[in-house]
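Here is a short briefing on one protein chain. Please look over the sequence and the fold, then read on.

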Amino acid sequence: MIYFIILVAVIAIVAYFVLSQEVFGAEPKGERLERMLNSKNYKDKQFQNQSFTPSFAEGYSMTKVMYDFFFSKKDPLLKPLQAIPNVQTDLKNLPENEDVFIWMGHSSYYIQIDGVSFLIDPVLSTFGSPFKFFNKAFEGSDLFKPQDIPNIDYLVITHDHYDHLDFPTVKAIREKVGKVIMPLGVGAHFEKWGYSPEQFIEEDWEASVELKNNFKITFTPARHFSGRKFHRNNTLWTSYVLETPTKKLFLAGDSGYDTHFKMIGEKYGPFDYAIMENGQYNPAWKYIHALPEDVIQASIDIQAKNIIPVHSGKFALALHPWNEPLQKVTTLGKEKNLHILTPKIGEVLDLNKNDVQFSTWWQD
């Protein structure tokens with residue numbers, strides 16, 4: 001018995017020191033926690049989706065999902081057989097009068113529009129996880145590094161999962177960031193990492209905030225979850241409506257399909273551009289990560305003129321072939337006469353051109 005007690009104590013001590021590392025962030029407290037407790041989206045000690053959202057779809061269980069992930073035969077194209085094609089673009093020397101979108105792989109992208117710059121969910125370290133041995137980026141997909149980032153007006157975070165909120169990246173670019181736009185609760189992590197609360201635009205769903213140069217950003221619902229430790233959903237997740245003097249953009253964030261897309265389309269649409277999360281899906285977790293057919297329907301619901309699929313091309317977080325998300329969403333989009341834009345990592349998308357075409361680079 002004594003040896004069992006000692007073993008438990010050792011495990012507890014090791015877990016404490018591991019989880020106390022900076023990468024895991026901090027728990028909300030004080031005034032931030034009070035704001036959370038007063039949120040209509042916070043109930044039973046956690047944030048809630050608008051619709052009932054089980055972790056797994058009908059017919060699936062944690063046991064089955066974990067068995068498939070660790071022991072089932074993997075698709076030979078789970079990871080690419082050669083380096084991901086990319087285009088080296090110098091972000092620091094982009095003409096200031098150009099309106100551009102540049103994908104950085106997975107859900108990381110840079111937007112420069114109407115003289116204002118935004119960096120969204122940057123994961124610019126080699127691993128999309130808290131440990132430097134798990135979830136390594138595909139060769140060629142980690143083109144951009146923190147030192148490549150110019151001074152930016154707004155760092156935008158959709159939620160606090162490791163493949164969207166990367167501690168090494170946000171720590172390294174801290175001196176380059178003007179303001180941080182993030183959902184309620186996530187500011188606790190940034191305070192722990194040395195950011196100033198004066199930099200924070202940290203809000204709940206339905207909040208609209210005026211930005212510089214007559215820009216406006218609105219926090220809109222998503223159907224997902226959050227958490228960096230064992231405590232799940234203690235920070236909010238969000239999508240965004242970004243309105244500029246000349247354009248309207250929808251930044252979807254991670255989300256399963258639900259009625260919120262149609263609501264957003266009716267209230268804020270149509271959108272000139274919608275950046276939609278498409279990839280790392282599985283029928284088992286369709287309620288928190290949209291399947292390609294759901295991405296198409298969501299794009300129709302929000303009334304998107306141009307669709308840019310992200311959340312693929314860098315990490316293998318699901319069991320589908322690495323290039324399946326782009327193959328499926330472009331095929332399904334063509335059937336619905338949707339305009340889907342698929343630049344390579346680093347390739348410049350001119351937001352003022354309506355006839356842009358990109359190669360099917362994932363098939364090469």
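Gln303 follows helix α7 and has a positive phi, near 65°. The model is predicted, with an average pLDDT of 93 for the protein.

- Helix α7 spans residues 292-301 and sits between β13 and β14 in a right-handed β-α-β unit.
- Seven of the ten α7 residues are buried, so the helix is largely enclosed by the rest of the structure.
- The buried positions are Pro292, Asp294, Val295, Ile296, Ala298, Ser299 and Asp301.

**Strands β13 and β14**
- Strand β13 covers residues 273-277 and pairs with β14 in the parallel sense, over four bridges.
- Glu277 stands opposite Val310 of β14.
- β14 is covered on both faces. Ile307 and Pro309 are buried on one side, Ile308 and Val310 on the other.

**The six-stranded sheet**
- Strands β13 and β14 belong to an open, mixed sheet of six strands, in the order β9-β10-β11-β12-β13-β14.
- The edges are β9 (208-210) and β14 (307-310). Each has a single partner strand, so one side of each is left without a neighbour in the sheet.
- From one strand to the next, the twist averages 15°.
- Within this sheet, β10 (residues 216-220) and β11 (residues 239-243) run antiparallel and share five bridges.
- Phe219 has Tyr240 in β11 as its bridge partner.

**The seven-stranded sheet**
- Another open sheet has seven strands, in the order β8-β7-β6-β5-β4-β3-β15, and its pairing is also mixed.
- Its edges are β8 (200-203) and β15 (348-350). Each of these strands has a single partner, so one side of each is left without a neighbour in the sheet.
- Here the twist averages 20° from one strand to the next.
- Strand β3 (residues 100-103) is antiparallel to β15, and three bridges join the pair.
- Phe101 stands opposite Leu349 in β15.

**Asp258, a buried loop residue**
- Asp258 lies in the loop between β12 (248-251) and α6.
- Is Asp258 buried or exposed? It is buried: its relative accessible area is 11%, and buried means under 20%.
- Beyond residues up to four places away in sequence, Asp258 touches Ser51 and Arg223.

**Annotated domain**
- An unreviewed UniProt entry carries the annotation "domain: Metallo-beta-lactamase" for residues 118-311.
- In the model, the end C-alpha atoms of residues 118-311 lie 18 Å apart.
- Residues 118-311 are 16% helix and 23% strand.

**Confidence**
- Of the residues, 95% score at least 70 in pLDDT.
- Residues 3-17 are another matter: pLDDT stays under 50 there.
- Where pLDDT is low, the predicted coordinates should not be read in detail.

How values were computed
Residues are numbered from 1 along each chain as its sequence is written. This is a predicted model: local features need pLDDT of at least 70, side-chain atom pairs count only at pLDDT 80 or more; totals for chains, interfaces and linings use all residues. Side-chain values use heavy atoms; hydrogens and water are left out. Two strands pair if DSSP finds at least two bridges between them. Helices (H or I, at least four residues) and strands (E, at least two) are DSSP runs, numbered from the N terminus. Axes are lines fitted to C-alpha atoms, for helices over the stretch in contact, and angles run from 0 to 180 degrees between N-to-C directions. pLDDT is the predictor's confidence in each residue, from 0 to 100. Contact means heavy atoms within 4.5 Å. Buried means under 20% relative accessible area, exposed over 50%, partly exposed in between (1.4 Å probe, protein chains only). A crossover is right-handed if, with the strands pointing away from the viewer, the path from the first strand over the helix to the second runs clockwise. UniProt positions are given in the numbering used here, feature names are shortened, and annotations may be inferred rather than shown by experiment.
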